[in-house]
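User: Hello! I am new to this structure and would like to learn how to read some of its features. Could you take me through them step by step?

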Amino acid sequence: AGNAIAYDFSTRFPSNAAPTLALLLTGTIPPVPEVFEMGDRTAIPPYNYQNARVVVHDMAPIARASWLRAVSSLPNSFAHESYIDELATAAGVDPIAYRLRYLKDPRAVDLIHAVAERARWAPHSVPRTLAPEGESLRGRGFAYAVYVHGKFPGTAAACSAWIADVAVNKTTGDVDVTRIVVGQDAGLMINPAGIEHQIHGNVIQSTSRALKEQVTFDRGGVTSREWGAYPILTFAELPAIDVVMMPRPADPPLGVGEAASVPSAAAIANAIFDATGVRFREPPFTPDRVRAALNPLPSPQPDLGKANKVARTDESAKGRRSWLGLLVAAAAGAVGLAAAVLPGRQGYAPVERPDPSVYSAATIQRGRLVAAVGNCAGCHRGLNNATLEGGYPVRTPFGIVYATNITPDPDTGIGAWSYPAFERAMREGVSRDGHYLYPAHPYTGFTKANDADLQALYAYLMAQTAVAHAPPPTTLRFPFNLRQVMAVWNALFLRFGPYVPDPARSTLWNRGAYLVEGLGHCSACHSPRNALGAERGGSFHLSGAFADGWEAPALTAGSAAPIPWAEDEVFAYLSTGYSRHHGVAAGPMAAVVSELAVLPVPDLRAMANYLASFQAKTPSPLELEALAADLQARSSMHLAGAATAGARLYDGACAICHEANGPPLFGVRPALAFNSSVHSSRPDNLIQVVLNGIMEPAHAELGAMPGFSQSFSDEQVAHLMRYIRARFAPDEPAWADLESTIARIRSEGVHPPQ
């Protein structure tokens, strides 16, 4: 019915009542911390939602050197008012009428009706982007807030309602606020003219001066946080300001102060949405950001190429199935003909590279973490390991895919990409110019990312150094060299949409699932693929595969590891690149773990919790230690005929670092009896490490391992492999065709390049 089922809000705010150091030292107050505010009371939404949860992350009430107070009313209200405005749009209800569903205070209702009447508000339920005037799109936005004071949860005081009119220039992205009608209910007004003058000044100040706070929200929730100093808008000329005062002679004066300013940012953002159909979830509304979002303008016609994206209702889902049926039929008839006739996607016009200064440091840092989880640098590096310049060859069964340049260079990178173009590439696998990307770019995982993380990743990439470098073009074998075929592939295998938490699982598990399945796209390497290159699901999910010349082992109970993966060991491996029960990260995984070093510990713990849940049963710590001791003891027994070529090679090249109970000479001392590569059915990873070493470990303290490709012949490597397998995995069958596998891996060279 379009009603809000539940409302979940979190905000951060330092306590106002912690004792100051000066008062404590002078004995003016007793050393007893008292917290009475618990954050700004605007954390509580002004609407009566049937089910609501408000979380205030309050600072610990420690003694302070001086009085400190933060103001979060404006960002809190921005979140509340932007979000309910979005709900109204989703419900197809006029924004003011929708709010009145949830307002029970008759004073608030009277105020809103008075402001709507003064502004001559015309009810509407959809953005009015189809009636531009000249070069401008015009829209109106509404926002409401009630100011609260006193001990938590406080007493409702002055309330304010705004209606803002904006004109958005389609060409330049400039936003002009042409008129503001602001209503104020402040109780008894001793000097109405003075209060009206104060409100008039607050309107100008709150919409144009540098602020200290920030807010953002996404489709999954609402969050208020601190923001850096920059203006919401820079006015070309002041708007017309109309102040509506509600006469309340029987009530005590409730004060005005900042109460009249609180709805400002939300009203303007909602007006921009009404004008353009673009929802800005974070100020400032700079011309560059607005122009990028409007390039191109939202089309009133449905884009059949976005069938997955709009499949959110039964009707659109039916349309998607119909479209997919046509595509599949065409592909079945003749792939080449399908590629010739399938429509391409509309391109996004180039934009000027966004100025990184418009993004807060917190946003860029969040983007850095997203890039780290996604290991963007691991694939998009150049052959000389220059970060993000592209050119790295990714080997696939269909040919070599060369990673693209994702630095903000406007000609060879993504500097000319608007955010909508970037979002489409990350979620739908379509480049800025409209051509389809190959799923070597893991958009099938990134489609699960939330808006805030993708926006932060865009900000981070735009803040990097631009590198002019054009990687080699990707050319795959027929028919995959016809990029239009990817329209069929996406229709069959792309599951568009953000990650949906499992309510039966813990918050920690869901966070881990979001990171592993979405941003981390672990299944891209650790799940086998079908004949068309799509990941196999069900029991095959994370069951192990080969990627870029390396075996990505199973992350499930089907792992070849002789000791089950306990959560603590997964956490240690992701955190340090080393697990005492499993070994050291090598090959592409070493680069992944190195990138994960910047992640907060709770995120690494969440990933470990999620991955450990795939184990059928995890033995107790005592059982794990007993199993490890037994494996180590068995491997320490000398084999009959130990004086073989393989044994001599092991004693001369390997024992100094891998024999149990020896001193850690060059880093950690991995036990081969526990190593998954030694117990795997395929020798590839062990051969890779013996030939090429680990010259770039995940962390320097692990120690590097030299490669022996220049020291050992293929025959010697085969002798060594047989000895290691027989001694450290005695229950596993001998590897077959070792010599041919060694020759193949040697011919492929070091991969990834070191």
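This is a predicted model: local features need pLDDT of at least 70, side-chain atom pairs count only at pLDDT 80 or more; totals for chains, interfaces and linings use all residues.

User: How do I read the packing of two helices?

Analyst: Helices (H or I, at least four residues) and strands (E, at least two) are DSSP runs, numbered from the N terminus. Axes are lines fitted to C-alpha atoms, for helices over the stretch in contact, and angles between N-to-C directions run from 0 to 180 degrees. Under 35 degrees counts as roughly parallel, over 145 as roughly antiparallel, 65 to 115 as roughly perpendicular, and the rest as oblique. Here, helix H2 (residues 73-91) and helix H6 (residues 264-276) have axes that come within 7 Å and cross at roughly 30°. H2 is therefore roughly parallel to H6.

User: Which residues of H2 and H6 meet?

Analyst: Contact means heavy atoms within 4.5 Å. On the H2 side, Leu74, Ser77, Phe78, Glu81, Ser82, Asp85 and Thr89 take part, and they meet Ser264, Ala265, Ala266, Ala269, Asn270 and Phe273 of H6. For classes, Ala, Val, Leu, Ile, Met, Phe, Trp, Tyr, Cys and Pro count as nonpolar, Asp, Glu, Lys and Arg as charged, and the others, Gly among them, as polar. By class, this contact has six nonpolar, five polar and two charged residues.

User: At what angle do H17 and H21 pack?

Analyst: Helix H17 (residues 507-519) packs with helix H21 (residues 601-612) at an angle of about 90°, their axes being 7 Å apart. That angle is why H17 counts as roughly perpendicular to H21. Among the residues in contact are Leu508, Trp509 and Arg511 of H17, and Pro602, Asp603 and Tyr610 of H21. The contact divides into 10 nonpolar, two polar and four charged residues.

User: Now the strands, please. How are they paired?

Analyst: Two strands pair if DSSP finds at least two bridges between them. Strands E5 (residues 175-185) and E8 run parallel, joined by six bridges, and arginine 179 stands opposite alanine 240 in E8. E9 and strand E10 (residues 399-402) pair in the antiparallel sense over four bridges. They form a hairpin with two residues between them, and threonine 396 has glycine 399 in E10 as its bridge partner.

User: Is E8 mostly covered or exposed?

Analyst: Buried means under 20% relative accessible area, exposed over 50%, and partly exposed in between (1.4 Å probe, protein chains only). Strand E8 (residues 240-245) is mostly covered, with five of its six residues buried. Threonine 444, found in helix H14 (residues 443-446), counts as buried because its relative accessibility is 18%. Leaving out residues up to four places away in sequence, threonine 444 touches Trp489, Leu494 and Glu535.

User: What about backbone angles?

Analyst: Most residues other than glycine have a negative phi. Leucine 388 is not a glycine, yet has a positive phi of about 70°. Leucine 388 sits in the loop between helix H12 (376-380) and strand E9 (393-396), and counts as buried because its relative accessibility is 5%. Histidine 521, also not a glycine, has a positive phi of about 40°. Histidine 521 lies in the loop between H17 and helix H18 (523-526), and at 15% relative accessibility it counts as buried.

Conventions
Residues are numbered from 1 along each chain as its sequence is written. Side-chain values use heavy atoms; hydrogens and water are left out.
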